[in-house]
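Trainee: I've got this model open and I'd like a close look at one part of it, with its surroundings. Please walk me through it slowly.

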Amino acid sequence: MTVGPRKGALHPPASIAVVGGGQLGRMFIQAAQAMGFRAGALTLTPETPAAQVADWTVQGPSDDLATLRALAERAEAVTVEFENVSAAALRWLAKRRIVRPGWRTLWTCQNRLREKTFLARHDVPHAPWRPVRSADELAAAVRALGTPMVLKTSSSGYDGRGQVRVDAEADAADAWAILGRPPCVAEGWVEFVAEASVVVARGGDGRASAFPIALNHHERHILDSSTAPAAVGPIVAQEARETALGVAQALDAVGVLCVEFFITADGRLLVNEIAPRPHNSGHLTIEAGLSSQFDQQVRALCGLPLGSCDLVRPAAMVNLLGDVWAGGEPRWGRALEDPGVKLHLYGKHTPKPGRKMGHLTVLDETPDGALTRAREARRRLMEKN
Ligand code: AMP
């Protein structure tokens, strides 16, 4: 007989867990431990960022029954740090333990075709798109969207991987071939003036709140910096928050979710992507938020009241990619010469170009002031003298 998930809120020192071993799992565990929970990770190997700080680990792939059984034995409630956990695994777990977000939320967000269909069905503004699952659909997409357009693989693309820009109609077939002709979404090119995101926390009772909108700057498709609150004016800021809260409600998501936007020159907000988990652009909430996005993830998972999404001060976060190690070990002391700089490293042993190794956060009187200081600190890491 299966024992169902426990009813009611979980209190410390209950044992809770995250599926995934990356930095998002690590920061979830650290937030859970700060609140007195025992926090574990389902991780592929023992040396992952999450495993290094976890009270306990279960090792193995997340779609393996023995691994899931071991996880269910140790954790009363389970969340995820990445969206590509199979729906079957989450359904199996949810019969036994609290699982948040639920499999339907992840199912929708782990595939671009399903995500776009969801946005269209709920009238959420987004870039024009067409499904591409055959040569005929590809030709129809180019006709409908024109060029430039972007081909994005429907599943398992992130940080710009699995994407090709198509500049001319004649290049479309080659671009699809480069990706291996998998099911794709073709997206019309958006001439955006800025990219932004809103992180939302939503409880099992449907109550939700949103952090202030963050302005995001990408380099080579990878997030480089986030600044909040974004200087986008009160109307766009409010619209972004309402849209993100609407998306969370329509998905019936429980936990933390991030909605990424393009902002066009005429002030329109188009949803680019939904991440059903904490997000890189929300890391600055660790220092700047009354509750961080990870605190909110713990609270929502455990059925506790959500914390405040207010920021105590404007803040900026800059990522530290493996590129920062190109000239040797970064000069940590130089970055920390600014007493307001907070350093986060994720415990990854091998720096590689484009690999997220850590981040810096700075709080300041203004978002721009915080960004300038965070960038300066990062630059000092790589100074020769
Ligand atoms: P994504 O993985 O979909 O978030 O895309 C990564 C980055 O590629 C985005 O942050 C944008 O900078 C750029 N990008 C993606 N889709 C489009 C588009 N339709 N138009 C213009 N730029 C795009």
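**A helix pair, then the ligand**

Mentor: Start with helix 3 (residues 65-74) and helix 4 (residues 87-94): their axes come within 10 Å and cross at roughly 35°. (Axes are lines fitted to C-alpha atoms over the stretch in contact, with angles from 0 to 180 degrees between N-to-C directions; helices are DSSP runs of H or I with at least four residues, strands are E runs of at least two, both numbered from the N terminus.) This is a predicted model, where local features need pLDDT of at least 70 and side-chain atom pairs pLDDT 80 or more, while totals for chains, interfaces and linings use all residues. Numbering runs from 1 along each chain as its sequence is written, and side-chain values use heavy atoms, with hydrogens and water left out.

On the helix 3 side you'll find L65, L68, R69, L71 and A72, and they meet A89, W92 and L93 of helix 4 (contact means heavy atoms within 4.5 Å). Sorted by class, that contact has seven nonpolar residues, one charged and no polar. (Asp, Glu, Lys and Arg are charged; Ala, Val, Leu, Ile, Met, Phe, Trp, Tyr, Cys and Pro are nonpolar; the rest, Gly included, are polar.)

Next, the polar contacts (N or O pairs within 3.5 Å). E187 puts a polar side-chain atom 2.8 Å from a ligand nitrogen, and G188 has a backbone N or O atom 3.0 Å from a ligand nitrogen. From H221, a side-chain N or O atom sits 2.9 Å from a ligand oxygen. On its own the ligand has 480 Å² of accessible area, and the protein covers 94% of that (Shrake-Rupley, 1.4 Å probe).

While you're zoomed in, check some backbone. R220, in the loop between strand 12 (214-219) and strand 13, has a phi near 50°, positive although R220 isn't glycine. A cis peptide bond joins A228 and P229, with omega about -5°; P229 is in the loop between strand 13 (222-228) and helix 9 (234-251). Another cis bond links P12 to P13, omega about 10°, with P13 in the segment before strand 1 (15-19).

Definitions and conventions: A polar contact is a pair of N or O atoms within 3.5 Å; within protein, one must be able to donate a hydrogen and the other to accept it, and residues adjacent in sequence count only if both atoms are side-chain atoms.
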